[in-house]
2 protein chains.
Amino acid sequence: MANMKQIAKLAGVSLGTVSHVLNNTVKVREPLRNRVLEAIRQTGYQPSQLARGLRKDKTDILAMIIPDILNPFFPGVVRGAEDIAFANGYRLVLCNTDNDHDKEVAHLRALLAYLPSGLIVIPSDFSELVGETDSFRKAGSAVVCVDRTPRNWDGDSVTINNDGGAFHATSYLIGLGHRHLAAITGPLHLTNSQDRLKGFKRAVRKAGLQLPPGYLQETTFDRAGGYAKAKILMRMVPRPTAILACNDLIGLGALMAIREAKLRCPEDISLIGFDGLDLADITTPQLTSVYQSPYQLGATAVQLALDRLAKVDSPVRQVVLNTELRIRESVAPPLGAERIRSRKAREAAALA
Amino acid sequence: MANMKQIAKLAGVSLGTVSHVLNNTVKVREPLRNRVLEAIRQTGYQPSQLARGLRKDKTDILAMIIPDILNPFFPGVVRGAEDIAFANGYRLVLCNTDNDHDKEVAHLRALLAYLPSGLIVIPSDFSELVGETDSFRKAGSAVVCVDRTPRNWDGDSVTINNDGGAFHATSYLIGLGHRHLAAITGPLHLTNSQDRLKGFKRAVRKAGLQLPPGYLQETTFDRAGGYAKAKILMRMVPRPTAILACNDLIGLGALMAIREAKLRCPEDISLIGFDGLDLADITTPQLTSVYQSPYQLGATAVQLALDRLAKVDSPVRQVVLNTELRIRESVAPPLGAERIRSRKAREAAALA
DNA sequence: ATGCTTTCGTGAAAGCATTCAAGGCACTGT
DNA sequence: ACAGTGCCTTGAATGCTTTCACGAAAGCAT
């Protein structure tokens with residue numbers, strides 16, 4: 001591969017001139033400029049990103065750290081990030097942490113040695129990122145947290161309205177007449193799990209309903225977790241008539257458990273998921289879910305990072321994206337609802 | 001961030017010694033060695049990968065090019081690749097091509113400027129990679145093709161036994177008594193689609209069955225494609241009693257079409273998918289599918305790349321992984337099978 | 001034609017780690 | 001005690017690009 005010196009020689013100009021043509025740093029007059037361009041074309045020359053990065057103390061790399069690309073929620077985030085990155089000439093380095101903080105730190109340290117322009121991170125469980133990311137900031141990298149935030153995070157971030165989404169979904173169930181609502185939450189040390197639970201509780205409290213202790217089950221964000229916890233809920237007396245699953249994988253697991261218990265969804269138990277994954281509509285019944293856009297999450301994160309690179313000391317931005325309840329087939333009024341409603345009508349009539 | 005010079009000064013040794021300690025290039029005696037290590041520990045020093053890459057003409061980066069991480073088959077491949085890469089101290093740069101050859105070339109060119117140690121690529125449609133990847137080889141990068149190969153590929157590769165998998169699945173259907181078999185294939189310019197079709201045809205031919213022209217439908221590897229083509233198959237006379245979908249997404253789409261046509265799967269139509277994705281078992285009925293391990297695919301690819309780096313001129317390796325028919329619920333004998341079988345029994349009895 | 005401003009172009013330095021040739025030291029054998 | 005050997009250690013050179021200070025040329029006005 002050719003280098004700049006050879007281009008300079010071929011075009012009969014100095015190194016500096018080639019650089020200026022390449023980067024539009026200084027205006028170079030037509031004749032020279034063309035000679036340089038022609039030499040580059042001829043040789044297929046490409047500047048070494050390594051040398052460039054070394055000199056500028058920064059590369060066109062964006063580091064992205066996620067828990068696990070196998071979780072179907074994350075590919076969307078990655079894709080959104082990669083698209084915006086690519087469109088702006090950045091490359092994405094992808095790292096999976098498996099929610100293992102040590103692995104996260106290992107990745108962070110290793111990535112730093114490449115002087116990436118930005119760091120897009122979905123913090124691992126128990127993540128105490130703040131310290132580690134400081135070195136990135138010092139090195140001039142823009143750091144953006146996505147989906148969840150570590151404790152005491154005061155930097156840029158993109159999350160969704162977890163509380164609102166859960167509140168809305170829960171209120172919807174209550175509006176249909178459900179009085180026995182249970183929730184299967186994700187790990188409660190994650191901010192997104194916490195917020196979804198908050199929204200759920202808020203709706204339940206607002207409706208003046210009870211929340212028996214067993215109606216709240218915490219688990220991991222996967223099908224196995226949802227399955228196990230739904231089994232437990234299924235044995236409760238009274239059995240909940242509706243379950244809010246704090247993500248779609250949990251919801252899918254719950255659906256399996258419901259089916260195995262020979263109960264019908266939605267007739268016996270209504271179920272709402274969270275995320276609105278593509279795969280939520282291939283089940284029978286299709287899963288009603290609180291939709292959020294992973295693509296948007298990733299794309300926004302990279303955009304925030306690029307914005308910060310452009311303007312280092314602009315105020316911190318913590319973007320919160322909206323959710324949307326996607327009503328499909330897994331929710332119905334509780335079996336007794338009709339009865340209750342007519343009784344109320346009778347009482348009302350009696351009073352009149 | 002500290003640099004090597006500062007470490008050398010702090011430890012009271014020369015630059016070279018620090019380098020030797022860092023890279024184990026030459027044995028350094030304990031006292032010095034410890035002083036260097038201590039200095040590194042104190043400062044949290046990390047060698048600049050940029051400077052290192054510049055000097056060595058190679059980085060610890062592995063470039064990975066895939067069609068689209070949103071396709072649920074690919075995250076497994078990426079994860080397998082990343083795990084092996086990470087375990088060996090390599091980072092993975094991920095690029096999506098959307099099966100767009102221009103985008104692929106753009107990515108390749110850009111990546112080359114980082115002098116990656118390896119290039120793991122799932123070729124895009126119409127991919128004429130051979131030329132482009134030559135520059136990587138020249139630059140000392142190991143190139144490995146995964147899942148599909150471009151025309152005239154003569155380098156390392158990891159694929160699966162597409163022909164065998166399809167043959168086995170089709171034979172299984174035939175064994176159950178199906179005589180009207182249709183296939184919905186992926187894009188036929190992809191080697192994996194071609195091979196799956198070959199396997200299908202081979203089984204059909206071997207059983208002496210006819211293959212009416214309309215029974216072969218080509219489409220893209222997604223649900224929409226499977227849905228549309230299954231609709232067409234549904235209107236054929238005679239209607240096929242079994243369909244081989246050449247990947248699970250196509251299978252899922254076909255399942256939707258079958259359901260919409262008020263037909264039952266598997267009673268009216270048997271369906272086999274290809275890939276054995278996780279999500280194939282959340283449908284009703286669960287999709288019988290030819291399983292392949294995407295993780296293995298990715299992991300093997302990186303391993304091949306690392307092996308080649310270690311031994312540049314070892315013979316080319318083209319690994320072919322096995323598939324496994326995962327029988328679930330979407331397949332049954334055709335409705336008429338019992339009748340046919342008993343008629344044959346009668347005829348046999350008459351002859352006797 | 002002279003002098004001044006602007007606009008361009010140049011060459012060298014800087015950024016950091018690796019590697020190679022050369023020199024230093026200690027120890028062995030005689 | 002000396003030459004020889006082997007193992008460490010050193011300093012300089014190298015890889016490629018960007019940037020900065022400086023100088024040259026060109027354009028303009030008088």
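Modeller: The most residues on the surface near DNA strand D, five, come from α2(A); near means a C-beta atom, placed from the backbone, within 6 Å of the strand. Helices (DSSP H or I, at least four residues) and strands (E, at least two) are numbered from the N terminus. This is a predicted model, in which local features need pLDDT of at least 70 and side-chain atom pairs count only at pLDDT 80 or more, while totals for chains, interfaces and linings use all residues. Residues are numbered from 1 along each chain as its sequence is written, and chains are lettered from A and ligands numbered from 1 in the order in which they are written.

Around DNA strand D there are 28 residues, and A:M4, A:A51, B:S14, B:G16 and B:V28 come nearest. At least two residues each are supplied by α1 (4-11), α2 and α4 of chain A, and by α2 and α4 of chain B. By class, this surface has 12 nonpolar, nine polar and seven charged residues. Ala, Val, Leu, Ile, Met, Phe, Trp, Tyr, Cys and Pro count as nonpolar, Asp, Glu, Lys and Arg as charged, and the others, Gly among them, as polar.

DNA strand C has 27 residues around it, with A:G16, A:V28, B:N3, B:M4 and B:A51 nearest. Elements giving two or more residues there are α2 (15-23) and α4 (49-56) of chain A, along with α2 (15-23) and α4 (49-56) of chain B. Here α2(B) has the largest share, five residues. The division is 12 nonpolar, nine polar and six charged.

The two protein chains also meet each other: 35 residues of chain B contact 35 residues of chain A, a contact being two C-beta atoms, placed from the backbone, within 7 Å. On the chain B side, α4, α5 (74-87), β2 (91-96) and α6 (101-112) each supply at least two residues. That side divides into 22 nonpolar, nine polar and four charged residues. Strand β2 (residues 91-96) of chain A runs antiparallel to β2(B), joined by three bridges; strands pair if DSSP finds at least two bridges between them. In this pairing A:V93 stands opposite B:V93.

B:V93 is also among the residues that B:M64 touches, as are B:V78, B:A81, B:L92, B:L94, B:C95 and B:I120, leaving out residues up to four places away in sequence. The largest nonpolar core has 171 residues, and A:M64, A:I243, B:M64 and B:I243 have the most contacts inside it. Such a core is a set of buried Ala, Val, Leu, Ile, Met, Phe, Trp, Tyr and Cys residues joined through C-beta atoms within 7 Å; buried means 20 or more other C-beta atoms within 10 Å, exposed 12 or fewer, and partly exposed in between, with C-beta atoms placed from the backbone.

Elsewhere in chain A, an open, mixed sheet of six strands has the order β7-β6-β8-β9-β10-β12. Its edges are β7 (216-218) and β12 (324-326); each has a single partner strand, so one side of each lacks a neighbour in the sheet. Strand β6 (residues 181-185) runs parallel to β8 (residues 242-245) in chain A through four bridges, and A:L181 has A:A242 as its bridge partner.
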